[in-house]
Amino acid sequence: MDAAADVLVLGSGVAGLSAAVHAANAGHSVTVLTKGELAHSATRYAQGGVAAALEDTEDSPELHLSDTLAAGAGLCDADAVRVLVSEGPDRVRELMALGAEFDRTGDGETAALALAREGGHSVARVVHAGGDATGAEIERALVAAVLDLDRIVVREGWLALDLLVDDGRAVGVLGARPGAEPTEVRARHTILATGGAGQCFEVTTNPALSTGDGVAMALRAGVAVADIEFMQFHPTALHHPSMPRPLLSEALRGEGAVLRDERGVAFMAEEHPLGDLAPRDIVARAIARRLNDHPDVEHLWLDATSIEGFPSRFPTIWHACNEVGLDPTHDWLPVAPAAHYLSGGVCTDLDGAATLPGLWACGEAACSGVHGANRLASNSLLDGLVFAKRAIDAIERGKDGSDETGVMRGVAGLPAQQARPADPEGAATRADVQRIMTRDAGVLRDATGLERAGRALATLPGPSSPEVANLLAVSEALVAAAFAREESRGTHIRTDFPESSSHLLGRFAFVGGDAPTFVPLAAPQPEPAR
Ligand SMILES: Cc1cc2nc3c(=O)[nH]c(=O)nc-3n(C[C@H](O)[C@H](O)[C@H](O)COP(=O)(O)OP(=O)(O)OC[C@H]3O[C@@H](n4cnc5c(N)ncnc54)[C@H](O)[C@@H]3O)c2cc1C
């Protein structure tokens, strides 16, 4: 066992790498433990960009705040969103100072950042790189910064298995390299930045590594987890057998692309005043309902033929379409929803502190309350940047545990849940979990399906690997919370409870045990007009 680092970061996406850079720059010794190569993450797949109200535009943090609250469908924590939108612009500028190159309009001294508009945003505020390769550029810049800093030790190919807890404090993790015995990796502070859990479903935009490991570790340790029923389904994944599903970014609709039904009729104008630029949950619901009504139809269409300069503006999407024989300038593109973003996760206060002293969470693994029931497009890279920095600043100030702010208000950690450990002889596979979740816990849910999913997950044989055990733990929590939330709100759509309920303005939190506890919002917001 090596000497304990000051800060142990689990994961090397935008959140983990940002935390590592800030911690090292503040003089801490840092270990980054990541289960693949350093540059492997969901971050590098991000297309559209980073939303931030930068200077010299018609935009403002207040406007970004109101768009984020509207998308969140009454469940955002307004204080957390205020932090996100007010500190976000500085974090984007820091990324540029680190070397991330965002697209610009014009040349030389007069070149301004090129800003795109996406669904749910009332103005153009999304910075992007390489057209639609924003995540790859951010990951590149952050990996280079990490490799430049002597205080950071990188351990690639290490799977974090479980949190180490001594005397009620997180002190690191049990980790393993392939084929080696698990080893303790100790640290004064442990940061969960392990990303999302799209792999709970058969059809997802997330890479194979997005198995909800950090959330599952938190559940097993009795650390509070909330909002797990709010899995965001991206409305426009390319309908094609490849996995992860190629994403057709919302920015396409920002540039004029139009959704068409199975007969070729544009339909979003009848669904929402913002039409094709409606919030993501509204668009996913509109598509899922049409597919549900016509079981013989597998996809609808995205008509992007009006977009000028498609290959240079969206090179990643252009390439993905060409690979499957589609030319977006002539062909309508087949689309269907795919699991995309986990809005809930490990409960944190406004500094990223979890309910266990010494434990922090940021990025998609965390639930700081900024996304509520539905994440606004391009707010998640920003979330990772902002709350990673806040966690390190708080550690700098000597903070050790959470205070009762943000999503944490009224939520506490309790004794650990009984989770099923991985069993080398076990038979349940990733595909088993995905099949159950896709059939009964996807975009449209009801009590009968969720009950069936809960029973099917509970009767699976032992999970065949630690990642399958984690998928199973997150899926069971998702199904339990989705069953308990008897309403439709944001990305959680119950066909048996089609309206939102004013009695459910709060979170279903797991604080030990298998059943979620309802925690009313400390400061409810007015229900947004949707
Ligand atoms: C196709 C696609 C397009 C997107 N487009 C956008 C966009 O335009 N704008 C936007 O804001 N967001 C976008 N998103 C969402 C955004 O990319 C993610 O939410 C964000 O990158 C998550 O960052 P993260 O650092 O939290 O996690 P990730 O980037 O997923 O990184 C998680 C890291 O943790 C590691 N890890 C996981 N488990 C373990 C373990 N047990 N042990 C060790 N290491 C572990 C992984 O290997 C990985 O390095 C998109 C997502 C996808 C999939």
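**Reading a helix, then a core**

Guide: Let's begin with α12, where T448 and R455 are exposed on one side. Exposed means over 50% relative accessible area, buried under 20%, and partly exposed in between, using a 1.4 Å probe and protein chains only. Helices (H or I, at least four residues) and strands (E, at least two) are DSSP runs, numbered from the N terminus. This is a predicted model, in which local features need pLDDT of at least 70 and side-chain atom pairs count only at 80 or more, while totals for chains, interfaces and linings use all residues. Residues are numbered from 1 along each chain as its sequence is written, and side-chain values use heavy atoms, leaving out hydrogens and water.

Visitor: Which residues of α12 are buried?

Guide: First, the general idea: an α-helix has 3.6 residues a turn, so residues three or four places apart point the same way. In α12, the buried residues are G449, L450, A453, A456 and L457. They sit on the same side of α12 because they cover an arc of only 125 degrees around the axis, taken from the directions from the helix axis to the C-beta atoms. Their cover includes α11 (430–440), β20 (444–445), α13 and β21 (493–494).

Visitor: How do α11 and α12 run, parallel or antiparallel?

Guide: Axes are lines fitted to C-alpha atoms, for helices over the stretch in contact, with angles from 0 to 180 degrees between N-to-C directions. Angles under 35 degrees count as roughly parallel, over 145 as roughly antiparallel, 65 to 115 as roughly perpendicular and the rest as oblique. Here the axes come within 9 Å and cross at roughly 170 degrees, so α11 and α12 are roughly antiparallel. On the α11 side the contact (heavy atoms within 4.5 Å) involves residues including V433, I436 and M437.

Visitor: Which residues have the most contacts inside the largest nonpolar core?

Guide: In soluble globular proteins, nonpolar side chains tend to be buried together. A nonpolar core is a set of buried Ala, Val, Leu, Ile, Met, Phe, Trp, Tyr and Cys residues joined through side-chain atoms within 4.5 Å. The largest one has 59 residues, and F201, I228 and V346 have the most contacts inside it. Helix α13 (residues 466–484) gives the most to this core, with 10 residues.

Visitor: Where does F201 lie?

Guide: F201 is in the loop between β11 (183–192) and α5 (213–221), buried with a relative accessible area of 2%. F201 and T438 are 237 residues apart in sequence, yet 5.4 Å apart C-alpha to C-alpha.
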